[in-house]
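The sequence and the coordinates come before the notes.

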Amino acid sequence: MPATTENNHNQGSFLGRISIRRNQVMSMSMDGSHDTECEEMELFQRHVAERFAELLSCTDEPEAFMSIGWLRKLLDEFLCCEAEFKAVLLMGRDPFQIAKPPLDKLLPELLDRIIKSLDVCNAVSLGIDSLRNIQRLAEIVLSALDQTLIGDGQVRRAKKALSALLSAMLHEDKDGGITKGTERSRSFGRRGNKDKDRSAAAPFRSLSWTMPKNWSAAKQIHAMSSNLAAPRGNESSGLALPVFIMNTVLVFVLWTLVAALPCQERNGLGTHFQMPRNLSWAQPITALQERISEEWKKKEKKGTVGLLEEMQKMEKIAQWLLDFADSFQFPAEADKLEEVKAQVEELADICRKMEEGLEPLQLQIREVFHRVVRTRTEFLHVLDQAAKLNIPAS
Amino acid sequence: MDDHKSEDQHLVAAAQHILKALAASKAVSDDLRKTLLDFDIHLSAMSIVERSIKQLERKIKFAEGKIMTWKAKNSMIWDCGSKESSEYLEAVSEIQAAVHNLQSLNEHDKELLGRANGILQVAMAKLEEELVHILVKHKQYLEPESFANEAGSVDLVNPALIPDLKSIANVMFGSKYHQEFCQTFISSRRDALDEFFVVLEIERFSNENVMKMEGNCLNREIKKWIRAVKIVFQVYLVAEKRLCKQILGDFNDSVYQFCFAEITLSFVLKLLNFGEAVAMGNRSPEKLFCFLDIYEVLENLAVYVDILFFEEFGSFVRDEFHKLLNKFGEASKFTFLAFKNAIANDPSKARFPGGGVHHLTKYVMNFIKTLAEYGEALNLLLADETPADPEGNDDDDSHPLAGEFWSVAATLESNLISKSKLYKDVALQHVFMMNNIHYMVQKAKSSELSLVFGDRWLRRHVAKFRDNARSYERVTWGPILSILKQENAELNCTSSKENLKKKCKDFNASFSETYRSQTGWYIPDTELREDVQISISQKVVHAYRQFTGRYSSTIDEKWKKHTVDDIENYVLDLFVGSPKSLHYFSSSAQILKRDKSV
């Protein structure tokens, strides 16, 4: 798409921002500025590929695949992509370019996806709340078992917390997962209070005000990934491509978050959306997606808390410790106690990571929320300008 | 066990006896004597410990009895009266002390310590249950209406139970089971908070849902939300924080602050999320009042939020609140700007029939009349951006919003001028402007707006519409009046008879034409209409009377179609908005008036 001369003189355009890169080529011919645009888009593609390739290669602590540290890195990369995307599409550009086909349809779709993504952000943020709850229960286990002398009292204390913890891990998709301390009880209605139910079979009372009743994270992701089609033919070299890339990145990142963290109603998440094949920039993302999908399939059968590495580890430890607690007789053997000590140390390590990482993660998700809202507002603004310029002067 | 212990004790006593005897013997060296005496002291200490342990064992056994009895029961201790509960707590304290003592004694009786810890755990588990029970049973339900007006002195839990809750806290913290206490406490209070949502009739909406809401539905939800936000921050959370402090204030400050933050964080974020969704809605001018409503409320609540969440634990909430406040500020500013642009760009395609007050004028003036009620909020938002008034209405005494409102008025005027140019008839252009500026002045004079617009602006614009009135007269009636005027030189001209005939003919034609078109014009304001009519009358009727009077001898009755009185009456038909025309019959001075409907 050859650039028109308007692009070269953008000082008067609504945005009033002059891209430094454009400045450099203003003295060049029309074709020159076209090259710059292509260059920008090439760069964008390359950066996206690089960023996700880096995520793919993360294997070591503290950014092991699907750990809290890794998710934080993922969100960082997302924000970088988003910022670059905005620069490519908006900076120094005439509003008209954004408003004409095929962007006239593609952009509103992206903006719509953004709205959907906000609900996902909120759901995932609530999920982090339940993780924090699990962390507190784990800390009780630590208090109980991180001792030189382990007797019945400590073991029973740990067992109580462990049962609550494991239940929270297994139930939270449906019920919101927040347990009442280590006690399961509920209050009925507003005015009466019947006795709380102490039986082990009592279902957990859900956190009543979570996401709307019939909302489903899986369905939301599916809705977002529908109509996600790679641009073809002429369009594949124009602005439609960065829009497609941004759409893909957005959906992928959210999908990953939902897979990792507890979230309302994730049945069906495994049916993953179609990733574009044969696109160089998309290879790392596709690889990541396949890896996550496989993990998901494995876990889905067992019904678990999500793929977060810390949770996977914690589940194993908690199960081991619970088994230990069930079969405990005072006094325990020295080598058994050594094993307990090792497990407890690992658990302490996980709790530490959660203590350090969960809040920043939650803040980051909130940052993503605010950023995409702002992006949407900016795009709406530009589209509005373009529409106004179309109206003949009164 | 006891036998075993007393056997040990006998052995020790015997050994000490032997030691003392040996030490007293002269056969022993000094070194050996020293060693023997050390050993004796050691054995003495052991027996003290033995005695202490025996004591502790007794106490543990006694407390165990109490605690295990309650374990077996299904009922709640705190339901059974204060004697039971204080006895229970005493028992727990005993166990607690026993554990502490056992741990500090050099000789660890691991079995006894284990037993004590075990009993302690049972007690702690029971106390956890009791805690939940008390918190739930003595929860106080709040009707929003009851504390709409009063702040702060609300009790979320029956105050009589606070000492009991404190006792339980003290005991659990003292036993290092503070984590369980906090976890349970936080959960229970979170439940209570969630229930409050139901009381407030706040529903869960996804962002998508909110964005799709329109008109009345959205307004209704916003109203509920505003009410909720006020109650939550000004009353409920204040009470919650106080409750936390009452129960946990004896410990390190960070404890109650932490609990408060954990209880409220998620809830507040969920509450604010609805606001986030509303802020993202479309920015049409109609939304301005909604945005300003919310902005005002949030602005007023900011100080409560800052106090409630001023600690580190609450910084996230505080930040999110302020972000939301800013979003509504931005949205308001933006929408106000959109409003101004909408005025400027209002299309002028069709001529507004009759030259009356355009609906744009009515819309704008009524809009800013309502807007003036948000004076404070607008002031905060637009303070830095008030444009200098092009007409120099600025004054030191000007209302802070004056600049903005003058600017809006100026934009409106500009657009109206474009609209007036659609009329081919210049006179109508003036009538149109006169009508509209007059309307603006009338509205601006009303209570809220007059303070904003100020006297100078009002005077200037009164002058403007009067100017337009005069221009209209000049354009329409000037030529007609000049027909009736007679130059001195022609007074005695022999062609004056023909001249006069022509004059009459011209006058009749012009007047008739003017009557025909301008009866269809409209001046909505009756006073203004009368003023214009009177002004016309004074000039035209007077001139006509003079003209017909002076030349009454020369003028043929046939030429004169109207009497002076007729003219006077016809003028009253002007600007009423129902077009009429004058029809002439060739015979005598019969005049027929026929109404023509548009």
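**Entry 1: the contact between the chains**

How many residues does the contact take from chain B, and how many from chain A? Working from a predicted model, I found 61 residues from chain B and 56 residues from chain A in the contact. I then looked up the area buried between chain B and chain A, which is about 5,400 Å², with carbon and sulfur atoms giving 52% of that area.

For charged pairs I noted 6 salt bridges across the interface of chain B and chain A, and I wrote down the one between Arg366(A) and Glu320(B), where the closest N and O atoms are 2.6 Å apart. Between chain B and chain A I also recorded 20 residue pairs in polar contact, with both residues at pLDDT 80 or more. On the side of chain B that touches chain A, the elements giving two or more residues are helices H4, H6, H7, H9 and H11 of chain B, and H4(B) gives the most, with 15 residues.

I looked up Glu208(B), which lies in helix H7 of chain B, and it counts as buried because its relative accessibility is 15%, under the 20% cut-off. Leaving out residues up to four places away in sequence, Glu208(B) touches Ile115(A), Lys116(A), Asp119(A) and Gln220(A), and with the side chain of Gln220(A) the side chain of Glu208(B) makes a polar contact at 3.4 Å.

Next I turned to Tyr177(B), placed in the loop between helix H5 and H6 of chain B. Is Tyr177(B) buried or exposed? At 7% relative accessibility, Tyr177(B) counts as buried. Neighbours within four places in sequence aside, I found Tyr177(B) in contact with Gly153(A) and Arg157(A) of chain A, and with Gln121(B), Met124(B) and Met172(B) of chain B.

**Entry 2: chain A**

I counted the elements of chain A and noted 11 helices and 0 strands. Of its 394 residues, 56% count as buried, and among contacts in chain A between residues at least 6 apart in sequence, 78% join residues at least 24 apart.

I checked the length of helix H10 of chain A, residues 309–326: at 1.5 Å a residue its 18 residues should span 26 Å, and the end C-alpha atoms are 26 Å apart, so the two agree. Among the buried residues of H10(A) I listed Met314(A), Ile317(A), Ala318(A), Leu321(A), Leu322(A) and Ala325(A).

**Entry 3: salt bridges within a chain**

In chain B I looked up the salt bridge between Arg242(B) and Asp155(B), whose closest N and O atoms are 3.1 Å apart. Arg242(B) lies in helix H8 and Asp155(B) in the loop between H4 and H5 of chain B, so the pair ties together parts that are 87 residues apart in sequence. Arg242(B) counts as partly exposed at 30% relative accessibility, and Asp155(B) counts as partly exposed at 28%.

Definitions and conventions
Residues numbered from 1 in each chain as written. Chains lettered and ligands numbered in written order. Predicted model: local features only at pLDDT ≥ 70, side-chain atom pairs only at ≥ 80, totals over all residues. Heavy atoms only, no water. Contact = heavy atoms within 4.5 Å. Buried area = accessible area lost by both parts, 1.4 Å probe. Salt bridge = Lys/Arg side-chain N within 4 Å of Asp/Glu carboxyl O. Polar contact = N/O pair within 3.5 Å; in protein donor to acceptor, adjacent residues only side chain to side chain. Helix = DSSP H or I, 4+ residues; strand = E, 2+ residues; numbered from the N terminus. Buried < 20%, exposed > 50% of the residue type's maximum accessible area, 1.4 Å probe, protein only. Expected span 1.5 Å × (residues − 1).
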